[in-house]
Amino acid sequence: MLSKLADERQTQYHITNNKELSEMGYSVEGKTINGLVNKNGEVLINIDSGTALNRIVGHETTHLFEGTQEYEELKEMVKQYATIKGEYDTRIKEMQRLYKGTNANIQNEITSDLIGDYLFTDTNFINKLSAEKPNVFKRMYEEIKHLYKLATAGSKEARQLERVKKAFDKAYKNTTTKSDGEVKYSIESFGDKKYVKHDRNVITGNNPQDWAKQINNYINNTIRKGEDVTVYSIDGDALTITEDTAGKAKFRNVVVLKDGSKRLMTDDEYATKLRAESHIDELSEVSIKGKNIVPDYKNHYFAKDGFNYRTAYFLDEDGTYYKLTLSVGKNGSISTVYNVGKLKEATAPFMVQRPTRNKAEEHIASNNTNISQKKNGVNNSISNNSENSVDVLDKMLKNQ
């Protein structure tokens, strides 16, 4: 696993042992060190430790969040959790002795070390993470599943990661089955394909004007909670959901027909778009960025560098499976999610039971393949869109 991980992440992993660590000045009396990051940024893994994998997982999972507000919140959560358990002071002192004389960020290192241990030994921590930091939990969950796939089947590391994965599976299922409506995940997987399954009744009644208010309020009050929210896509991009996202969500798109004529979405089509918008955070997470940046001709302040059109998949309440695009405004390092633009029925990666459509409904669906923006919209040109050491450690992890 480690050799694959090193190649994939361009991380320098090196194996060492207790004697070498001591000679390099890295030792804590009475404690076996799993590993550490040296002054050159290389991750040293101790072959004499029975829990070396903890250090690898701790390093990789926390690295996902470095430089983000979520990382600061995660560090504080880990600190409070370890303090309540009565082990923070001891662990921080050990870490300070270990990195004495270096410019290491002790807070970052203790966070990585503790998370590496807790993910393998403390299901309460995983459950707490799921309930209190759902975005962090979901990204860590995806990372654990990815590391599990990298591990050699039947190896000790695979068995260890499988136990962690099962703990995350259970926490995920417990959260999704809660009835309080506060936290609910709708991201599904079929093989490597990820999609969002509609599961919430945000749009109610028969008045489209009411629907527009409902979706605007839901995004602002439930998803954003009055503040901009940054989520991370499966390809690693930070995507921000703002008040502009909520404002544009209620927009009724224009449908371009095969003959080039245009019309507004029907109520049914509009309702589908709004149901997708109610999952705008999760659609952002499963989305894949397009190849090109398209210039913004409407001078949106959040799209000074243009728009990128991301692709995501959505399973509607009636079992209809859609491929859709998200318009994302680029302004320097900030990417603002703007609108669910183009919706197109697609072949689901699984068999879906859904009601049989009559011919009139099929005609509406076929006209739903080119949905674009017009008023206050965006341009809609959517583009189709040391090796030996690592090998030795791989063998060690597999055979333990």
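Where is the place of N299? Point 1 takes this up.

1. This is a predicted model. N299 sits in the loop between β10 (293-294) and β11 (307-315). Its phi is near 60 degrees, a positive value in a residue other than glycine. Most residues other than glycine have a negative phi. N299 counts as exposed, at 70% relative accessibility.

2. K225 is another residue to check. Phi of K225 is positive, near 55 degrees, and K225 is not glycine. The residue lies in the loop between α10 (208-223) and β6 (229-232). K225 is exposed, with a relative accessible area of 59%.

3. Helix α4 covers residues 69-84, 16 residues in total. From first C-alpha to last, α4 reaches 23 Å, close to the 22 Å expected at 1.5 Å a residue. After α4 comes G86, with a positive phi near 75 degrees.

4. Which residues of α4 are buried? They are E70, Y71, L74, K75, M77, V78, Y81 and A82. Seen down the axis of α4, these buried residues fall within an arc of 165 degrees, so they line one face of the helix. The face turned away from the buried side of α4 carries the exposed residues Q69 and I84.

5. Now the pair α6 (residues 106-121) and α7 (residues 123-132). Their axes come within 6 Å and cross at roughly 105 degrees. That makes α6 roughly perpendicular to α7. On α6, the contact is made by I115, Y118, L119 and T121. On α7, T123, F125 and I126 take part. The residues of this contact divide into five nonpolar, two polar and no charged.

Key:
Residues numbered from 1 in each chain as written. Predicted model: local features only at pLDDT ≥ 70, side-chain atom pairs only at ≥ 80, totals over all residues. Heavy atoms only, no water. Axes fitted to C-alpha atoms, helices over the stretch in contact; angles between N-to-C directions. Helix = DSSP H or I, 4+ residues; strand = E, 2+ residues; numbered from the N terminus. Parallel < 35°, antiparallel > 145°, perpendicular 65-115°, else oblique. Contact = heavy atoms within 4.5 Å. Nonpolar A, V, L, I, M, F, W, Y, C, P; charged D, E, K, R; others polar. Expected span 1.5 Å × (residues − 1). Buried < 20%, exposed > 50% of the residue type's maximum accessible area, 1.4 Å probe, protein only. Arc of directions from axis to C-beta.
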